Amino acid sequence: MSIALKLEGKAWSNFQDTELAPLTKKFYSRWLGLFMEHCEVDMPDKLLELGTVHEIEDRIIQWLGTLKEAGKATATMKGALASVVFFYSCNRVKIDSRYVGRRIPRKPTLPHRSPTKEEVAAIVEAANMRGKALAGLFASSGVRVGAVPHLKIRHRRKVTPDEMEHKDCSCKDRSQPLRFNGYLLNVYEGDPEQYFTFVSEEAGRWLDTYHNLRKNAGEVLGPNSPLFREEFDMEKPAIVAEPSQCTEGMIKTFMSRAAITAGVKPIVRINGDAKPGAHRHEWKNIHGYRMFFSTAATNAGVNFSFKELMLGHHLNLEKSYYDSNNPRSVHAALAEYLKMQDAVTLFTNSLLERDNKVLREQVTEIQDLRDDNLKLNRIVAEQAKQLQAISRRLDK
Ligand SMILES: [Zn+2]
């Protein structure tokens with residue numbers, strides 16, 4: 001039952017003109033296409049002509065039933081429902097999603113967890129330079145896989161000394177400017193959804209090495225070169241010179257293979273008995289890195305709004321002044337990022353560094369105490385002298 005879908009018309013443009021993250025839009029569109037196939041209509045406009053609102057709701061319930069039979073997970077069906085409900089809301093049809101949602105069968109799903117630092121580190125250890133740079137980028141910036149193919153060299157830059165300077169900020173320690181040698185990463189540049197995040201110093205070094213490798217192979221890297229190009233054969237100069245953009249699918253496959261090679265994840269083969277969708281990974285291939293980032297941020301006490309902004313989540317109000325061209329926004333965001341950098345750093349012995357810092361602080365405290373002690377001694381000596389003088393005067 002395959003229908004040639006014509007994704008056009010008024011209902012479709014009402015849906016496409018809405019403000020949604022590009023990836024969300026893609027996700028919703030895919031489900032909408034599947035719903036159209038289910039209803040055997042070739043144009044989105046016709047989804048509005050299925051009958052009364054109640055009749056439309058019945059069609060959705062029926063569709064969710066077929067997804068259930070296909071072994072889809074509850075979360076998947078919720079996504080499917082949300083997509084269709086959103087399409088109708090863009091076209092002024094209010095679907096009672098609570099009523100329809102109650103028709104989604106409850107099924108215990110395995111909770112997803114984020115990968116541990118050891119697991120991410122194992123992947124980096126086993127990966128080639130490109131894999132190290134990719135895993136480092138995902139773990140330390142929280143970027144979505146869908147954004148990576150569009151990233152260019154110019155989308156990452158160093159933080160400027162001016163941005164590191166404390167001015168009208170609320171940093172606790174202002175004894176010296178912020179220090180950061182990683183990268184600022186502009187995601188979805190030129191898109192209404194654009195935002196920025198950071199790449200840790202460690203991952204930044206892997207990124208630099210990966211770029212040097214490409215240069216050494218003979219590629220001319222410019223501001224518009226892809227941040228990550230396709231995997232290529234260094235022996236073929238013609239291919240080396242012409243980098244091609246990699247697709248989201250290529251990166252997903254690459255990262256999945258990296259996890260299997262590192263012995264962190266099992267190979268999953270769909271065999272005859274397994275229903276599609278029945279096998280759940282313990283942690284999701286790339287989304288797991290986003291969870292890793294988010295968990296690290298929360299545990300390190302990163303301000304909630306900044307965490308959301310660094311994940312590229314839409315926060316209507318803050319977004320307007322959260323801009324990488326504003327040095328004060330960069331400063332505030334970096335101050336928050338520095339709280340979590342250790343947590344997303346895989347190999348540097350950051351614990352040792354922190355211990356050193358504590359020791360240095362203790363030494364300063366001891367010095368302060370000694371100074372105070374000296375001062376006190378001086379005062380006591382002074383008073384003793386005065387007392388002696390008084391007793392001498394009394395003796396006379
Ligand atoms: Zn500051």
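Predicted model: local features only at pLDDT ≥ 70, side-chain atom pairs only at ≥ 80, totals over all residues.
View 1. Residue numbers start from 1 along each chain as its sequence is written. You'll find Gly263 in the loop between helix H11 (248–261) and helix H12 (287–299); helices are DSSP runs of H or I with at least four residues, numbered from the N terminus. From Gly263 to Gln194 is 69 residues in sequence and 35 Å in space, C-alpha to C-alpha.

**View 2. Helix H7 meets helix H9.** The axes of H7 (residues 129–141) and H9 (residues 201–217) come within 8 Å and cross at roughly 150°; each axis is a line fitted to C-alpha atoms over the stretch in contact, and angles run from 0 to 180 degrees between N-to-C directions. So H7 is roughly antiparallel to H9, a label for angles over 145 degrees. On the H7 side, the contact includes Met129, Ala133 and Leu137, and on the H9 side Trp206, Tyr210 and Leu213 are among the residues. Contact here is two C-beta atoms, placed from the backbone, within 7 Å.

**View 3. Domain 1 and domain 2.** Domain 1 covers 10–101 and domain 2 covers 117–344, with bounds from an automatic or database domain assignment. Their C-alpha centres lie 32 Å apart. Nine residues from domain 1 and eleven residues from domain 2 make the contact.

Note on methods: Helix = DSSP H or I, 4+ residues; strand = E, 2+ residues; numbered from the N terminus. Parallel < 35°, antiparallel > 145°, perpendicular 65-115°, else oblique.
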